[in-house]
Amino acid sequence: MITVHHLNNSRSQRILWLLEELGCEYQIRKYQRDPQTLLAPAELRRVHPLGKSPLITDGADTIAESGAIIEYLVDSYGKGRLRPEEGTPERRRYTYWLHYAQGSAMTPLLLKLIFSRLPRGPMPFVIRPVVKAVAGRVQQTFIDPQLKAHASYWEDELGKSRWFAGDEFTAADIQMSFPLEGAAARAAGQLGARTREFLGRIHERPAYQRALEAGGEYQLLS
Ligand SMILES: N[C@@H](CCC(=O)N[C@@H](CS)C(=O)NCC(=O)O)C(=O)O
């Protein structure tokens with residue numbers, strides 16, 4: 001039996017969604033972020049040394065990293081579903097988006113989260129205006145232009161085909177959902193119409209909705 005070690009409000013929601021799309025049997029072990037630090041509880045480090053979610057266990061195997069988990073699940077339980085055929089242009093796009101989501105898109109989104117929350121953190125009141133000014137400047141000069149470039153790239157790519165890898169929905173769309181949802185929470189004004197439509201389409205999928213019910217709280221941090 002597959003166990004998903006699921007942290008609230010986190011990217012492990014994607015794994016629940018994939019399992020629902022594949023119709024796999026699974027169980028969920030839930031973990032709560034620390035409300036102050038937002039970090040995962042220490043008990044998650046008993047499953048994997050880094051203690052990050054998502055993690056799955058399947059029999060004796062423990063698998064970490066959303067991309068690796070998605071590849072494992074599609075390999076083991078996909079029966080040819082949710083992945084374009086090998087050797088096709090769609091398969092190359094599929095592999096690209098699977099890696100791009102974590103390797104490129106998440107960096108400016110994470111920076112946005114950190115720098116927008118920085119001035120709200122605990123600190124002596126005299127330095128707060130300085131921290132606020134520096135954090136604002138970093139966002140304005142570096143992070144926001146990066147986010148704008150990524151958002152306009154998604155918009156262009158979704159103009160070429162309905163889904164990220166082509167005309168068929170694949171696990172790469174599941175992988176891409178998290179940066180897009182993160183951008184909707186942190187930089188909504190940057191998203192174009194096609195990207196918003198993509199989000200609307202995925203949110204309507206019955207498997208997405210079942211996964212939300214199963215996972216509980218899923219509100220991306222801003
Ligand atoms: N690259 C990893 C990132 C995992 C990760 O950072 N997960 C976050 C949740 S979205 C987490 O566990 N945060 C809590 C912590 O760092 O303690 C993946 O895609 O699986």
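Colleague: How many helices and strands does the secondary structure of the protein come to?

Modeller: Helices (H or I, at least four residues) and strands (E, at least two) are DSSP runs, numbered from the N terminus. Here the protein has seven helices and four strands, in the sequence pattern β-α-β-β-β-α-α-α-α-α-α. The model is predicted, so local features need pLDDT of at least 70 and side-chain atom pairs count only at pLDDT 80 or more, while totals for chains, interfaces and linings use all residues. Residues are numbered from 1 along each chain as its sequence is written, and side-chain values use heavy atoms, with hydrogens and water left out.

Colleague: What radius of gyration does the protein have, and what would a compact globule have?

Modeller: The radius is taken over C-alpha atoms, and the globule rule is 2.2 Å times the number of residues to the power 0.38. For 222 residues a compact globule would have a value near 17 Å; the protein has 18 Å, which agrees. Its C-alpha trace spans about 60 × 45 × 30 Å along the principal axes.

Colleague: Which residues of H1 are buried?

Modeller: Buried means under 20% relative accessible area, exposed over 50%, and partly exposed in between (1.4 Å probe, protein chains only). In the protein, buried residues make up 46% of the 222. For helix H1 (residues 13-22) the count is ten of ten, so the helix is largely enclosed by the rest of the structure. The buried residues of H1 include Arg14, Trp17, Glu20 and Glu21. Gly23 follows H1 and has a positive phi, near 70°.

Colleague: With which side chain does the side chain of Ser66 make a polar contact?

Modeller: A polar contact is a pair of N or O atoms within 3.5 Å; within protein, one must be able to donate a hydrogen and the other to accept it, and residues adjacent in sequence count only if both atoms are side-chain atoms. The partner of Ser66 is the side chain of Arg14, at 2.8 Å. Ser66 belongs to helix H2 (residues 66-77) and is buried, at 2% relative accessibility.

Colleague: With which residues is Gln175 in contact, leaving aside its neighbours within four places in sequence?

Modeller: Contact means heavy atoms within 4.5 Å. Among the residues that Gln175 contacts are Arg14, Ser66, Trp97 and Gln102. Gln175 lies in helix H5 (residues 171-186), and its relative accessible area is 0%, so it is buried. Ser66 in turn is in contact with residues including Arg14, Pro54, Gln102 and Gln175.

Colleague: Which backbone nitrogens does the side chain of Asp34 reach?

Modeller: That side chain reaches the backbone nitrogen of Gln36 at 2.7 Å and that of Thr37 at 3.0 Å. Asp34 is in the loop between strand E2 (26-31) and strand E3 (55-58) and is partly exposed, with a relative accessible area of 33%.
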